[in-house]
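Here is a briefing on one protein model, grouped by topic. Keep the structure open while reading.

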Amino acid sequence: MVNDIRNRLLELSDEKYRDFNKKLCPDTEREMLGIRVPVLRKFAKEIVKENNWEKFVKNDKVKYFEEVLLQGLIIGYSKITFKEKLEYIKIFVPRIDSWAISDTFVPTLKIKQKELEEYWKFILLYTKSKKEYEVRFSIISMLDYFITEEYVDEVIKNLDKINHEGYYVKMGVAWTLAEIGIKFNNKAMKYLEGKNNLDKFTFNKTLQKMIESYRISDSQKDILRKMKRK
């Protein structure tokens, strides 16, 4: 099955899109084929209907960027229990080597309300990882599932604890805090105006992303501009 999937991916490859996507994902060292995400999603759903998709997902000898992404999409679409899914996520997360894989994989998981408590405990295990994309995975999970009344305070607290120099970690933190600033403005402003552990780059990126949002008022944007660290 593994070879059949690779052959199918080779058939779906697009040289022009590959060159375009390489520019969007300069962080991955894997070879790219050039396959659009909607095409990969459709293929993943087809594979999930087969009985032996697990063999492909467990294969750690994948070569192409799209093969890794396909593995993640299959996990997301798989019809298995949540506990089983967590086991596959454990296998998959160390293979993430691009922001695009992380940011496409996480929302595909479609974590349900009843699964949030367990998933929260699970993703916190990755916030202290030394690997950039494992930390990014945890941050994007917070962004996609936990900017809610119930969890927002915990999200802010745990983002403040993250200490990693990776560019995609810093950008993930800034993005998530900016979304909190849009949905829970008072909480975000209290955090940003108070004592926090954000470095200058992440702090200023957070402000920038809030300022760029059409959901932030002009008067608020004026305040944010004055907060920029020199």
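Lys110 counts as exposed, because its relative accessibility is 60% and the cut-off for exposed is over 50%. Keep in mind that this is a predicted model.

**Lys110 and its loop**
- Lys110 sits in the loop that links α7 (99-108) and α8 (116-124).
- Its phi is positive, at about 50°, although Lys110 is not a glycine.

**Asp103 in α7**
- Helix α7 holds Asp103.
- Is Asp103 buried or exposed? Asp103 is buried, because its relative accessible area of 14% falls under the 20% cut-off.
- Beyond its neighbours within four places in sequence, Asp103 is in contact with Arg136, Ile140 and Trp175.
- Phe20 is 83 residues away from Asp103 along the chain, and the two C-alpha atoms are separated by 18 Å.

**Lys42 in α3**
- Lys42 belongs to helix α3 (residues 37-48).
- Lys42 has a relative accessible area of 58%, so this residue is exposed.
- Between the C-alpha atoms of Lys42 and Leu70 there are 10.0 Å, with the two residues 28 apart along the chain.

- Helix α5 (residues 65-77) has 13 residues, which should span 18 Å at 1.5 Å a residue. The C-alpha atoms at its ends are 19 Å apart, which agrees.
- How many residues of α5 are buried? The count is 13 of 13, so the helix is mostly covered.
- Gly76 is part of α5. Its relative accessible area is 8%, so Gly76 is buried.
- Leaving aside neighbours within four places in sequence, Gly76 touches Lys85, Thr108 and Leu109.

**Helices α9 and α11**
- The axes of α9 (residues 132-145) and α11 (residues 167-183) come within 9 Å and cross at roughly 10°. That angle is under 35 degrees, so α9 is roughly parallel to α11.
- From α9, the contact uses Glu132, Tyr133, Val135, Arg136, Ile139, Ile140 and Leu143.
- From α11, the partners include Tyr167, Tyr168, Met171, Val173, Trp175 and Glu179.
- The residues of this contact divide into eleven nonpolar, two polar and three charged.

**Helix α13**
- Helix α13 (residues 200-212) has 13 residues and should span 18 Å at 1.5 Å a residue. Its end C-alpha atoms are 18 Å apart, which agrees.
- Which residues of α13 are buried? They are Thr202, Phe203, Asn204, Lys205, Thr206, Leu207, Met210 and Ile211.
- The buried residues of α13 pack against α11, α12 (185-193) and α14 (218-226).

**The nonpolar core**
- The largest nonpolar core has 80 residues.
- Which residues have the most contacts inside it? They are Leu70, Ile89, Tyr119, Phe137 and Ile180.
- Tyr119 is in contact with Ile89 and Phe137, both also on that list.
- Other contacts of Tyr119, beyond neighbours within four places in sequence, include Phe82, Leu86, Val106, Leu109, Ile111, Ser141, Tyr145 and Phe146.
- In soluble globular proteins, nonpolar side chains tend to be buried together.

How values were computed
Residues numbered from 1 in each chain as written. Predicted model: local features only at pLDDT ≥ 70, side-chain atom pairs only at ≥ 80, totals over all residues. Heavy atoms only, no water. Core = buried A, V, L, I, M, F, W, Y, C linked by side-chain atoms within 4.5 Å. Buried < 20%, exposed > 50% of the residue type's maximum accessible area, 1.4 Å probe, protein only. Contact = heavy atoms within 4.5 Å. Axes fitted to C-alpha atoms, helices over the stretch in contact; angles between N-to-C directions. Helix = DSSP H or I, 4+ residues; strand = E, 2+ residues; numbered from the N terminus. Parallel < 35°, antiparallel > 145°, perpendicular 65-115°, else oblique. Nonpolar A, V, L, I, M, F, W, Y, C, P; charged D, E, K, R; others polar. Expected span 1.5 Å × (residues − 1).
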